[in-house]
Amino acid sequence: MNVNLAEFKLLGIDVKVHWSFVLVLAFGAFLYGSGPAGWLIGGLYGVVTMLLLFASVTLHEYGHALTARRFGIGTRSILLLPIGGVANLERIPEKPGQEIAIVAAGPLVNLAISVLLTPFVLLLNGGNGAGVFTMNAVNANIQSPGLLNLLVFLISTNLLLAIFNLLPAFPLDGGRLLRALLAYVRPYPQATQIAVVVGRLLAVSMAVYGIFTGAIGLLLIAFFVYVGGSAELEAVSSRVVLRRFRASDALTHNAITLYTSERLERVTQLIMNSYQIDYPVRDLAGRFVGVLTRPRLIDALREYGPDARIVDVMLPAASVPRCASSSDLATVWEMMGRTGSRVVAVATQDQVMGIITSDDISEVFQVMGAALEADRRPPAPPANRTETQEMHGYI
Ligand SMILES: [Zn+2]
């Protein structure tokens with residue numbers, strides 16, 4: 001089901017606008033339409049205002065995404081929701097300096113917008129800037145269409161965006177900055193843990209404040225801060241364990257290999273008689289030519305029956321991501337997340353040694369993680385996501 005109102009690509013990044021964004025536009029139309037300008041002009045002005053507000057949110061996300069790109073971290077998508085924007089980065093930058101730069105870029109964009117627009121307000125208002133920014137003046141003028149009022153609105157909301165996102169509520173920008181600063185003096189997982197606890201305290205305060213003032217947006221953000229913080233803490237701890245192992249450690253040495261000319265019937269037998277559920281496929285010269293995964297086998301059995309040849313239904317080698325045998329498992333896990341593949345081929349310079357599946361990694365994680373932390377509670381298997389979500393409220 002497509003839940004997006006619109007999707008477009010800008011500077012190589014997919015931007016997705018969630019359907020509920022319609023509610024934001026309707027809210028803008030209603031808020032401004034009930035003002036002195038009347039339903040038509042006021043309503044249109046309201047829609048334009050909301051679009052410009054979300055253009056500011058989008059630019060904030062691009063601040064993160066384009067800075068991340070400088071460090072070689074891609075962005076899968078930028079998602080626009082009524083409560084703000086989310087930039088899905090491919091991975092979490094681990095060097096504190098990189099994280100600080102990526103995180104700071106978002107609020108700095110909003111700050112820059114405010115600073116750049118201010119001279120125009122002075123120009124339109126005969127050099128008197130301060131008067132239009134008082135709470136009373138903003139409230140009195142907000143519903144009246146006009147360039148000056150629009151500029152005042154954008155300057156104040158961009159300032160608010162910068163300030164709100166700098167609250168130390170991990171995973172909001174401020175919480176990420178806190179984590180990155182702590183990471184200079186504490187191990188990374190511990191820095192994350194402290195930032196998550198501070199974030200939770202703030203989330204609870206936000207929720208209480210939201211309940212008493214009826215600010216629904218704040219309640220939702222509090223919820224995301226709470227849940228998002230926990231998810232990222234889990235991802236960080238998984239990565240610490242996985243980083244200690246190489247791809248070659250996770251290879252099953254007596255793994256069963258299939259040959260191109262064999263039929264699906266053999267695999268069905270194998271699956272019933274062994275624990276292996278994904279198989280490397282080689283040609284008669286022993287070259288790696290593809291992979292047959294269990295989901296693929298089930299589809300193929302349904303479609304072609306047990307007599308079909310493996311070569312006709314396997315995933316060809318070209319579509320299987322590859323890693324070096326010296327890559328650490330955290331990198332392999334990230335590769336699976338990024339490519340959406342449950343299998344990665346482990347290769348030396350000229351030949352494929354074997355395959356690693358997401359099940360292999362879960363297994364290494366559970367067994368070795370438990371052994372490494374023998375005196376603590378056993379860790380949860382790694383969450384099946386590696387991206388980080390830069391989340392932003394816009395109130
Ligand atoms: Zn941000």
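# Worked exercises on a predicted model

Phe223 is found in helix H8, where helices are DSSP runs of H or I with at least four residues, strands are runs of E with at least two, and both are numbered from the N terminus. The model is predicted, so that local features need pLDDT of at least 70 and side-chain atom pairs count only at pLDDT 80 or more, while totals for chains, interfaces and linings use all residues. Residues are numbered from 1 along each chain as its sequence is written, and side-chain values use heavy atoms, with hydrogens and water left out.

## Exercise 1

Solution. Begin with the members: Val204, Val208, Ile211, Phe212, Ile216, Leu219, Leu220, Phe223, Phe224, Tyr226 and Val227 make a nonpolar surface patch of about 1,100 Å².

## Exercise 2

Decide whether Ala195 is buried or exposed, and list its contacts outside the local sequence.

Solution. Ala195 has its place in helix H7. Leaving aside neighbours within four places in sequence, Ala195 is in contact (heavy atoms within 4.5 Å) with Phe170, Gly175, Leu178, Arg179 and Leu182. As for Ala169, its C-alpha lies 7.5 Å from that of Ala195, although 26 residues separate the two in sequence.

## Exercise 3

Describe the surroundings of Asp283.

Solution. Locate Asp283 in the loop between strand S6 (279-282) and strand S7 (288-292). Because its relative accessibility is 15%, Asp283 counts as buried. Its side chain reaches the backbone nitrogen of Ala285 at 3.0 Å. If residues up to four places away in sequence are not counted, Asp283 touches Tyr259, Thr260 and Val289.

## Exercise 4

Work out how strand S2 pairs with S1 and with S3.

Solution. Strands pair if DSSP finds at least two bridges between them. Strand S1 (residues 4-10) and strand S2 (residues 13-18) are antiparallel over six bridges, with Ala6 opposite Val17 in S2. The two strands form a hairpin with two residues between them, and Leu11 in the turn has a positive phi of about 50°. S2 and strand S3 (residues 75-81), by contrast, run parallel and are joined by four bridges; here the bridge partner of Val15 is Ile78 in S3.

Terms used:
Patch = residues over 30% accessible without salt bridge, like charges linked within 9 Å, V, L, I, M, F, W, Y side chains within 5 Å. Areas by Shrake-Rupley, 256 points an atom, 1.4 Å probe, with all protein chains shown as cover. Salt bridge = Lys/Arg side-chain N within 4 Å of Asp/Glu carboxyl O. Buried < 20%, exposed > 50% of the residue type's maximum accessible area, 1.4 Å probe, protein only. Polar contact = N/O pair within 3.5 Å; in protein donor to acceptor, adjacent residues only side chain to side chain.
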